[in-house]
Amino acid sequence: MSQIDLQPVKGTRDLYPEDMRVRTWLFAHWRDVARSFGFEEYDACVLEHAELFIRKAGDEITGQLYDFRDKGDRHLALRPELTPSLARMVMAKGAALALPARWFSLPQCFRYEETQRGRKREHYQWNMDIVGLGSVAAEAELIAAQVEFCRRVGLTVAASDCVGGVEPEVIWKVSSRQVLGHFLDGMGITGDRFAQVCVCIDKRDKIGDAGTTAELAKVGTTPEQAAAILRLLDVRGLDQLALHVPADNAGLVALRELHELAASFGIDHLIRIDLSVIRGLSYYTGTVWEVFAQVGSIRRAVAGGGRYDKLCEQLGGTAIPMVGFGFGDVVICELLAELGRLPALPKKVDDIVFPMSALEFPVANRIAAALRRQGRQVAVDYSGRRFKHVIERAETDGAARLFILGSNEVRDGIVVERTLGGTERQERKLPLTDFI
Ligand code: HAM
């Protein structure tokens, strides 16, 4: 038989223990930050009804579905994102759900994408969403949580670090689909066509102005309209924006409020009003934002989010205000690695018990069990290798103590405890009755 392919499926990752330590560290930060904002964890199955992700606005994500028919002829997909599942769960609970709900999750998502730096076919995504709160206070709180995470992992975001022209390492580019909506309304572009236009212009960074104009033409936009839309995308800052939309435009009002609330969190210096941010998902209806690193060589969004008040309605239910974000594990880890900010996460076990031969295995197991009951992490080294190797291995495994057990020790009712890691060898004999 020829050997199996040793590589993981294209675009997916194997996580060896050293990689898993990094993931566990990252997830612990995500969980801690979400919980510190009073969010509760939830999850759904990675396997979903494909129809949940099939949107007619032409979302890129729909074309990237890992979908198939199961043995019962159900059309299923590996979820490319969690948001539609969240909407489904909210709709299924109906009036029984106490609103507003603050939920977070760490789903694995699958997208059949061109693999490149920062982009895989499988990734994990920290999601925080607020359900049932129409106020822009929700957006401000979600951004504050993202900032707190960035601060905790050592990125320069604090106002006190960003003085005298020092730029923060991460910024939040924020826009509003209601601002764009105001313009497109004036051009008679509403409803489904509005969503289609959003999906087209989100590709601008990748396909350039000419490409975007061509894409816009496919959804019925004239070259003049396309040019006007592209000009609008160059607007930066609240003052410039105020020149383009009426003072009572809901998007402008929300962005002003967001700026004020961000100040109350001490994070307004990180917010950049930038109309080029559209987001590629058609369901967003209001404020949208992307988190960008200003350092490092991967120049792509670290995270993205927005308000999607009509998704439940689009899925056949009643509209519920919802807003949230997704923060992927791939780009942030590559960025932190590049900046040398990933912590050293050595292998760690507390104690190793070393029975010198198989005759001592039963006593060694009892000692290990007693230590584990004390809350220690204990491995038994059954290798029977030479003592020098056992010590070396125990030290590389990060053990603090080695318990040595030969036939003489068992006969004498003792075990030798050796302290590892220090410069001086410390050994003492402990009675087996301490453990057994
Ligand atoms: P998204 O912008 O498609 O939004 O994805 C959010 C984040 O997930 C991205 O900024 C990126 O960090 C990461 N990500 C997405 N695709 C990949 C990939 N192929 N490889 C690596 N990382 C990736 C959403 O998914 C929305 N559902 C987020 C949301 C939650 N909006 C409201 N609530």
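1. Two strands count as paired if DSSP finds at least two bridges between them. On that basis strand E13 (residues 351-355) and strand E15 (residues 401-405) are paired: five bridges join E13 to E15, and the two run parallel. Pro-355 has Leu-405 in E15 standing opposite. The model is a predicted one, and the points below should be read as describing that model.

2. The pair E13 and E15 belongs to an open sheet of five strands, ordered E14-E13-E15-E16-E17, with mixed pairing. Strand E14 (378-380) and strand E17 (426-431) are the edge strands, and each of them pairs on one side only. From one strand to the next the twist averages 25°.

3. Helix H13 (residues 361-373) lies across E13, E14, E15 and strand E16 (414-419), and runs at about 175° to E14. Helix H14 (residues 387-396) also packs on the sheet, where it touches E13, E15 and E16. The direction of H14 makes about 155° with that of E15.

4. On domains, the assignment for the protein gives domain 1 as 17-42 + 96-107 + 114-338 and domain 2 as 351-434. The centres of domain 1 and domain 2, taken over C-alpha atoms, are separated by 53 Å.

5. A second open sheet has three strands in the order E2-E4-E3, and its pairing is antiparallel. Strand E2 (47-49) and strand E3 (66-69) stand at the edges; each has a single partner strand, so one side of each is left without a neighbour in the sheet. The twist in this sheet averages 35° from one strand to the next. E3 pairs with strand E4 (residues 75-78) in the antiparallel sense over four bridges. Within that pairing, Asp-67 has Ala-77 in E4 as its bridge partner.

6. The loop between E3 and E4 holds Asp-73. Asp-73 is not a glycine, yet has a positive phi of about 60°. Arg-279 is a further residue other than glycine with a positive phi, near 80°. Arg-279 is placed in the loop between strand E9 (271-273) and strand E10 (287-293). For context, most residues other than glycine have a negative phi, and most peptide bonds are trans.

7. A cis peptide bond is present between Leu-99 and Pro-100, with omega at about -5°. Pro-100 sits in the loop between helix H3 (83-93) and strand E5 (101-105).

8. How do helix H6 (residues 191-202) and H7 pack? Their axes are 7 Å apart and the packing angle is about 140°. Angles over 145 degrees would count as roughly antiparallel, and the value here makes H6 oblique to H7. From H6, the residues Val-197, Cys-200, Ile-201 and Asp-202 meet Arg-204, Asp-205, Thr-212, Glu-215 and Leu-216 in H7. By residue class, the contact of H6 with H7 divides into four nonpolar, one polar and four charged.

9. Helix H7 (residues 204-218) also meets helix H8 (residues 223-232): the axes come within 8 Å and cross at roughly 150°. That angle makes H7 roughly antiparallel to H8. H7 contributes Arg-204, Asp-209, Thr-212, Thr-213 and Leu-216 to the contact, and H8 contributes Ala-226, Ile-229 and Leu-230. The residues of the contact of H7 with H8 divide into four nonpolar, two polar and two charged. Arg-204, Thr-212 and Leu-216 of H7 are listed in the contact with H6 and again in the contact with H8.

10. The structure holds 18 aromatic pairs. One of them is Trp-30 with Trp-126: the ring centres are 5.8 Å apart and the planes are at 15°, so the pair is stacked. Trp-30 is in helix H1 (residues 17-36) and Trp-126 is in strand E7 (residues 122-131). The two residues are 96 residues apart, and the pair links distant parts of the chain.

Definitions and conventions: Residues are numbered from 1 along each chain as its sequence is written. This is a predicted model: local features need pLDDT of at least 70, side-chain atom pairs count only at pLDDT 80 or more; totals for chains, interfaces and linings use all residues. Side-chain values use heavy atoms; hydrogens and water are left out. Axes are lines fitted to C-alpha atoms, for helices over the stretch in contact, and angles run from 0 to 180 degrees between N-to-C directions. Angles under 35 degrees count as roughly parallel, over 145 as roughly antiparallel, 65 to 115 as roughly perpendicular and the rest as oblique. Contact means heavy atoms within 4.5 Å. Ala, Val, Leu, Ile, Met, Phe, Trp, Tyr, Cys and Pro count as nonpolar, Asp, Glu, Lys and Arg as charged, and the others, Gly among them, as polar. Domain bounds come from an automatic or database domain assignment. Rings of Phe, Tyr and Trp (its six-membered ring) pair if their centres lie within 6.5 Å; planes under 30 degrees apart count as stacked, over 60 as edge-to-face and the rest as tilted.
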